[in-house]
Amino acid sequence: MRRFILRRLGFAVVSLFLLSVTIFFFVRVTGDPAVLLVEPGASQADLDAIRQQFGLDQSLPVQYGSFIAHLARGDFGQSFYYRTDVLELYLSRLPASLLLATVAMVFSLVIGLPTGIVAAVRVNGWWDSAGKIFALLGLSMPSFWVGLLMILFFSVYLGWLPSSGSGTLLHVLMPAFALGWYFAAAHMRLTRSSMLEVLGSEYVKLARLKGLPEALVIGKHAFKNALIPVLTLAGINLVLMVNVAVVVETVFAWPGVGRLLYEGIAFRDFPVVQATVLLGGAMIVTVNLIVDVLYAVIDPRIRYER
Amino acid sequence: MNGSRAAGLTLAWRFAAFRSEGFPLLPTLILLTLALVAIFANVITPYNPEIGSLGDRFHPPVWQAGGSAEHLLGTDHLGRDVLSRLIFGARVSMVVGFTAVIVAGLLGTGLGIVSGYLGGWVDQLIMRITDTWLALPALTFAIFLAAIVGPSEMNIVIILAAVYWTRYARVIRGEVLSLKERDFVRLAIVAGCSKRTIMRRHILPNVLNSAIVLATLMLGVVIVTEASLSFLGVGVPPPKPAWGLMLADGKKGLMAGYWWLTVLPGCCIVLMVLAANLLGDWLRVKLDPQLRQL
């Protein structure tokens, strides 16, 4: 067990290392990073000062070392636009993102779980086909377009919901639905296949043989076990939602980390862009590690895999 | 005579099987139509998509009160003809989508074959990079790259290829791992073929099917990503008529109820992505039994 955890921990560290190298590499190779790191319209003296400060006149390995040293101290630089520490800025935006992701997750599960179960119980029936069409639409309709359509319908025509901003519970509904839309399709598909697998298993047959009502077989015996992979995916997706909400947050002017990333691009605020991508990647690597370890704790067979 | 009858039966049977597997006629037609529209965009568009007249701003489509037959699908905030922009937008989506999918496919398939066949540290290196890049959300990664290199159509293709090659590499490598244990590869080794020859002549043809299926399935993803980047202002630069860019412009008239600027470009995106996904799903089942559970 300890060997397994150490091994996975090693993988995670390698991943983080490669992530930082990737970011570092692209910034250095695709142009003069000093130009990205100074404010637009800065003078030559400012450029030289930045080169000095970040050691851009040194060799690449030395540069990478100082890049990592800064990151390790939690120093992601200063935002040009907000004039504050980037890490602080990021953390101040995180709660809004988490709220949005949580509500989006509730939407996606409320839609995805029942449709997935019905599709599995009535496999190849009318409901199953409807579910397939829904899943296909979920994958094909860009979430930000869903958001725009909702603004048009609920804000412009009906006037029920505020079109942008934050503050009340009503504000979170539309962006959360737009964000949860895509994931609802993913959760529906996994619930369906997971239910199908469980419904074909021996203990479900036994439950039926001993004369349990079908509703109990499905609700109690099958659903509970089919839920495990779905909840695992949901856990990973919650973190993913925080990091892919850029476009939805932009549409609804939602003040989360995605909006921060967008502002970073719009204001040419490069330290913000770099920090958001790095922290997002680190978050996902960490969650994958946690899920792997938890799986190994639950299922001993995984520990002995290669 | 018996033989020919049997052959006729087989032919009929094969035709029936072809039909019953549901050849996606509609999606194919949609993609073909979009391709034709994209190719002949400058012949069929009534107006220049990049130049409008400010006197004709926000005209509604022809069937709505205030609309005219001059602008069948209305005009946008600069008085540009929406239909003309949608048609040229098809060209942008097609060119960017197909080029990106092909470039990513070449890169990913190549690296997947090398990684799977050579094994060892090469394999470790390529797969670690693949894992790390797959961990990054594609859109965030693409935005990051776009923020560095700046907006242009050429850059978008490079960015999309750089982000999406990993999907190919992962799947193709898995196939190569099982292919290289097969007898025909072993015989090729015994016959003295070089590693390069084996990879090119024996492995590559056997993974092409999977690469094509993946490419079709990736087309939809790539088009949505391109639209998202353009919507955020880091994709295709204005005034080029890209669908994502049109949605960004359309948002300016959204609160005033100019629905056609938001609904129509989105419909085009969904139509194309849906068609690509349906075709990809069918190809997956048809060409590549190994990918069915994907």
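Visitor: What does L72(B) touch, not counting residues up to four places away in sequence?
Guide: P61(B), V62(B) and L83(B). Touching, or contact, means C-beta atoms, placed from the backbone, within 7 Å. This is a predicted model, where local features need pLDDT of at least 70, side-chain atom pairs count only at pLDDT 80 or more, and totals for chains, interfaces and linings use all residues. Residues are numbered from 1 along each chain as its sequence is written, and chains are lettered from A in the order in which they are written.

Visitor: Where does L72(B) lie?
Guide: In the loop of chain B between α3 (41-44) and α4 (82-118). Helices here are DSSP runs of H or I, at least four residues, numbered from the N terminus.

Visitor: Why does L72(B) count as partly exposed?
Guide: Because L72(B) has 15 C-beta neighbours inside 10 Å. Buried needs 20 or more other C-beta atoms within 10 Å, exposed is 12 or fewer, and partly exposed is in between.

Visitor: Changing topic, how many residues does the contact take from chain A and from chain B?
Guide: 39 residues from chain A and 36 residues from chain B. On the side of chain A that touches chain B, 28 are nonpolar, 11 polar and no residue is charged. Nonpolar covers Ala, Val, Leu, Ile, Met, Phe, Trp, Tyr, Cys and Pro; charged covers Asp, Glu, Lys and Arg; the others, Gly among them, are polar.

Visitor: And M241(A), what is that in contact with, leaving aside neighbours within four places in sequence?
Guide: A101(A), A104(A), M105(A), L179(A) and F183(A).

Definitions and conventions. Two residues are in contact if their C-beta atoms, placed from the backbone, lie within 7 Å. Helices (H or I, at least four residues) and strands (E, at least two) are DSSP runs, numbered from the N terminus.
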